[in-house]
Amino acid sequence: MIRTFFTTSALAFVLAGTAQAQTVLDVVAWKGNEAEPAGLPELIEKFEAANPDIDVELTYVARKDVDKVIPPRLQSGNPPDVTMVDSSLVELWGGAGFLKDLSTESDWYGNMIPAVQNVMTTDGKIMVFPLEVIGMGNFVNMDLLAQAGIDKAPVTIDELTAACQALSAEGIAPMIFAGTFPAMLFVGANGIDPANNTSAKFGMGEMSFVEDANFNASLDGVRDLVAAECFDPELQAGLDPWATAPQEFKSGNVAILPQGAWNIGGFSSVDGLNYQFAPMPSSFTEYGLALDLVGPGWAIPTEAANAEAARKWVDFFAEEENLNVFLEAEGAYSPFMGGKATMPDLATPYTEAREKGSLILWPFSTLEFPKPLQSEWEDSITGFLLDIDQPNETTLQRWDDTIEDNL
Amino acid sequence: MTSTADTHAAASGPSLDWDLIRRKTKSYFAHGLVLLLVAIMLLPLFYMVMMSFKTSTEIANDPLGLPASLYWGNYMEALSSMGYARSVLNSMGITVSVILVVVLAGAMAAYPLARLQNRVSRIIVMIMALGLATPNFVTITPIYVIFRDLGLLDSCLGIVLAFAALKLPLAVFFYTGFIAAIPVELEEAARLDNCNNWQVFWHVIRPLLAPVTATLSLFVMIMVWNDFIYPLLLLTDKDKLTVMIAVYKFVGNTGIDPTKLFPAAVLGSLPLLVMFAVFQRKIMAGATAGAVK
Amino acid sequence: MRARNSLYIFTIPALAVLTLFFIHPIILTADMSFTSFKGIGAAEPVGWKNYDRIVSRDRYLDAIWITLWYTVIVVTALTITGMFFAAVLHRLPAIRNFSRAALYTPAMMSFVVVGYIWQFLYSPLNGGINVALRDLGLGAWEQNWLGNPDLALYSVAFTQIWMFTGFTCAIFLAGFAGIPEEIGEAGKLEGATSWQRFRYLELPLLGPSITVSVILTTIGTLKTFELPFILTNGGPDGATRMLSIEIINNLFGQYKFGFASALSIVMLIIVLAVSFIQNKVLRDRENVT
């Protein structure tokens, strides 16, 4: 339908002669810049070749600045034609009626991984075309592990503590565990049982963290890591998980870094860094727990000036070979079923855990845990690391209070 | 003045030569000490420049050491993808225009406020203070809406106006303090010569403002040069992008990579430093000339 | 008298711009602070709830105290360091322009760049400062600069002081430039020491520049969010969580625009109150001395 309409209008342009200007497709994204190209320059070229009447103008806006720059444009009726969104933006902007329904009738909709489909659909509407599911787990420096006589990335708690002790005996710093992100991955992976995922109940205040055996055990697990000399808890508070911590790992100063797979590109560009990407050791599973983050997608604002061209852009990404270019550059998994594996070999441990079903969707990316809880986790887990002997209740109560406050 | 002291010393015999030598030594010592302090203040910037010439392996293994050789690869990569020259010209054009607008409108508004102490002045000063105290993020959405209505989006005039508006309270505040310190007698002489308000302002007050203007221009220049939120919001045309947007795009902000951050930081600030060096000499010349008169 | 009142015509361009770009947004913000606005879509009125939340929670009162304490540290230190360099450079004309420019360079960098440079300098493992201390044999002085809750605020403040010493120095030098040369020379002829000339002749005449510098740095520091945002983002565990960080996180992290607006209004009132008091005190002092 849309296609016929578009061909007709394209024909009209041709008939109208050469005076007609190109359609400029205004796309906003927090990927596609030099630091994180995500294959977009290549894809834009391909898209423009396939659609000679469309020029794509990609504006890079960092994720945190999207919140400042895009709402004024949406509200004043002058939005971009296509904008990158994540689950919280879909909830916020879509909920306020600023995003188009891409229709659950779309070919790709039925093909989405059910869990992702579930998260991204609101009131029978799908306002986003999901681009990726991206893993979070441990980056493991295999050369440092080899120095300590270990040849396998740890995926169980026992393997992890053994590795820590061995590394530490060799004088190698075993692990980064900054409270503002890496530690959250461990705490989450050991607090949420993949066989009985109750994240949503916590988020709705139906279950309490303080009374939950799993999360209490998870914090105890952190103490076990400290006892195994995995890290000096107080030191972790001074590390920035986005700037200095990855640098320490790249430098080969530390053996294990919990982070997201989006670092694969950057880490692989360092000569001589021999590493693997492994799932987070968890007491619930012997394979390690894969923590999948529901990544961003494309959305078309309701008042987009070039809605048809925007739709072409989205449909272009719905073609598997195009999406794979993006996924490969990102180090991510397809949000669609039966997607071709684009992950590099170094992520095999993570991929294996996923295939075994040892997997949860990160509750902050599915909005099962509300946004305010994320900053409370950052603060309180840092506080916990600074005073590791405090009762678990001190930390867990803060989470319950935040949830209650948010309801 | 030192020359009179020197001849005096020379004439009074050899014992005072020692005094001269002592004072000279002391003076060299003082100069050296101050330069050393200034150098210490600049160490972090030296660190930045040094880091920008290191390969990522060097940064990793020896964060403080000097780079083994000047590695230009980081710069090559930055330059080839930043659209550098164009964005520098844009930033300079915008910066200079904003300074002109802010200086003129600011000094004009400050003149009556400094001279008339009454309720009206106090209210206007309050409004200015309000402008100064307003957190920047409060103004983002309203500015966007106003600009859309006025058709100023994606235009150089628009971005100049927006920046000028943001820095105007600062300028008024600045000038009011300094104009108040100018003796009223200076204007009264001019008024007796039948000068009108504008002539008094232009010929008497304005020339005396040179030193403050120099300082103010600096502040404005820095803020305009380094801000990226407003250009990001108000400009979409790639040909109008500013340097900081280029830096911003190049560095990104999830996972900061030092081999990208440091060269981009140097490139982003370099034109400003050069501009500063040029401006400083020019405006300072004006300032001292003003002081002598 | 009428001729003098006509001077107010000069304020029209500035006033027009201010009304459009400040008064209007502030009114909108004040309006929003009584709603549960999420930054987009419709706004539900909630009465005084947002303000009630601010005054009834320790969290926000703590943030106000941290902001004020941070400002006291930064402004005091900036006034002293700036005055020190200005007084010294005033006496050393040969290196004055060079040093003034050199000291100013940190202030010319963008906050983002400065923030990340210091992030790398402060890093507890192989950060520049700790490595330098180790190399100098002062390993015992190594600190977890940004990770120690008792130290983090001062580390952030130090960066801000480092960045803006050249700024206050420039203001004070402009003040020194306005002092008639005869005054200094008269002091010299009477055999006053450098310190005495500074204390009794120059300092009293620097009143206006002190006022300008203190008020500007105070306002700038009260509103600042860039450095704490990049260096600690309010951490560790809230030790550096200033009002501005709280606003940013509510505004853009959690989309509580209504509540963030209420916080902004509180901040606006604090900034206005502080600068009003300072202005009064400092101007009175100027008139006395």
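L7(C) counts as buried because 20 C-beta neighbours lie inside 10 Å of it, where buried stands for 20 or more other C-beta atoms within 10 Å, exposed for 12 or fewer and partly exposed for anything in between, with C-beta atoms placed from the backbone. The model is predicted, so that local features need pLDDT of at least 70 and side-chain atom pairs count only at pLDDT 80 or more, whereas totals for chains, interfaces and linings use all residues. Residues are numbered from 1 along each chain as its sequence is written, and chains are lettered from A and ligands numbered from 1 in the order in which they are written.

L7(C) is found in the loop between α1 (2-5) and α2 (12-32) of chain C; helices (H or I, at least four residues) and strands (E, at least two) are DSSP runs numbered from the N terminus. Leaving aside residues up to four places away in sequence, L7(C) touches Y111(B), P112(B), R115(B), L116(B) and N197(B), a contact being a pair of residues whose C-beta atoms, placed from the backbone, lie within 7 Å.

Chains B and C also meet through helices. The axes of α11 (residues 210-226) of chain B and α8 (residues 152-177) of chain C come within 9 Å and cross at roughly 170°, the axes being lines fitted to C-alpha atoms, for helices over the stretch in contact, and the angles running from 0 to 180 degrees between N-to-C directions. α11(B) and α8(C) are therefore roughly antiparallel to each other, given that angles over 145 degrees count as roughly antiparallel, under 35 as roughly parallel, 65 to 115 as roughly perpendicular and the rest as oblique. P211(B), V212(B), T215(B) and L218(B) of α11(B) make this contact with A170(C), I171(C), A174(C) and A177(C) of α8(C).

Turning to chain A, five strands form an open sheet of mixed pairing in the order β2-β1-β3-β13-β6, two strands being paired if DSSP finds at least two bridges between them. β2 (54-60) and β6 (129-130) of chain A stand at the edges, each with a single partner strand, so one side of each is left without a neighbour in the sheet. Strands β3 (residues 82-85) and β13 (residues 297-299) of chain A run antiparallel and are joined by three bridges, and T83(A) stands opposite A299(A) in β13(A). Across β1 (23-29), β2, β3, β6 and β13 of chain A lies helix α14 (residues 307-318) of chain A, which runs at about 60° to β1(A).

Technical notes: Contact = placed C-beta atoms within 7 Å.
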